[in-house]
Amino acid sequence: MKLFIDTANIDQIKEMYSLGIISGVTTNPTLCSKEGKDFKSSIAEIAAIVDGPISAEAISMTREGIIQEARELAAIAPNIVIKIPMMEEGLAATSVLSKEGIKVNMTLVFSVNQALLAAQVGAAYVSPFVGRLDDIGHSGIEILDNIVTIYDIYDIKTEIISASIRNPLHVVQSALAGAHIATVPYDILKAMVKHPLTDIGIERFLKDWKKLQETTSSIRK
Ligand code: E4P
């Protein structure tokens with residue numbers, strides 16, 4: 001399973017990309033509004049930093065509007081993917097755009113039926129929102145798991161991005177379910193690195209190494 005970072009914050013993207021652990025970025029209007037910067041120039045900046053798919057969301061509500069917005073965003077850089085909400089106008093727009101070779105990430109997906117529809121219109125990616133489903137008492141991971149199973153049965157090429165990840169356990173569960181990608185917020189990527197036994201282990205190795213240096217230098221004297 002690949003990891004994307006779910007943020008529009010340039011510093012966070014640079015930091016995590018420099019570790020070599022992320023291979024794409026997802027943004028949404030909420031994440032972009034937190035940064036308070038011009039949308040198109042932020043997307044261009046991100047696309048120049050990360051050599052991988054960068055999702056930028058279209059906000060028009062009509063198919064014509066979405067298509068126009070998507071073409072403009074796709075022209076910014078070759079690695080831009082257009083996020084389009086799951087709705088009738090979004091499906092119609094995706095149908096046109098996927099035939100033009102513009103990659104679409106169908107977003108705000110909360111059911112297996114919606115994921116089946118995204119596949120029909122040739123979406124390159126589908127984003128089931130695991131955390132938001134959990135928030136209303138449904139199992140987001142169970143729905144993700146069902147989408148993976150059905151896509152496998154029919155050999156559907158649309159890649160599944162486990163989105164709305166709220167904790168490191170969601171990442172593990174997404175991987176076990178067989179998601180192609182998990183898009184993970186910065187703080188959760190940081191938490192994934194940590195384990196108390198790793199910290200204790202590093203501290204002990206450094207202490208013992210120092211002891212060895214002291215012993216060998218006193219022998220040399
Ligand atoms: C990413 O594609 C989604 O927009 C994002 O993961 C949503 O996360 P949230 O439910 O925490 O807002």
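The model is predicted: local features need pLDDT of at least 70 and side-chain atom pairs count only at pLDDT 80 or more, while totals for chains, interfaces and linings use all residues. Residues are numbered from 1 along each chain as its sequence is written, and side-chain values use heavy atoms, with hydrogens and water left out.

A pocket here is an open set of points on a 1 Å grid over the protein atoms alone, where a 1.4 Å probe fits and protein lies on both sides within 12 Å along at least five of seven lines; lining residues have an atom within 4 Å of a point. The largest pocket holds about 290 Å³ of space, a volume filled by probe spheres set on the points, which are joined across faces, edges and corners. Of its 20 lining residues, Asp6, Asn28, Arg132, Ser164 and Arg166 are the closest to the centre.

The ligand sits in this largest pocket, meaning that more than half of its atoms lie within 2 Å of the grid points. Polar contacts are pairs of N or O atoms within 3.5 Å. Asn28 has a side-chain N or O atom 2.7 Å from a ligand oxygen. For Ser164, a polar side-chain atom is also 2.7 Å from an oxygen of the ligand, and for Arg166 the distance is 2.8 Å.

Definitions and conventions
A polar contact is a pair of N or O atoms within 3.5 Å; within protein, one must be able to donate a hydrogen and the other to accept it, and residues adjacent in sequence count only if both atoms are side-chain atoms.
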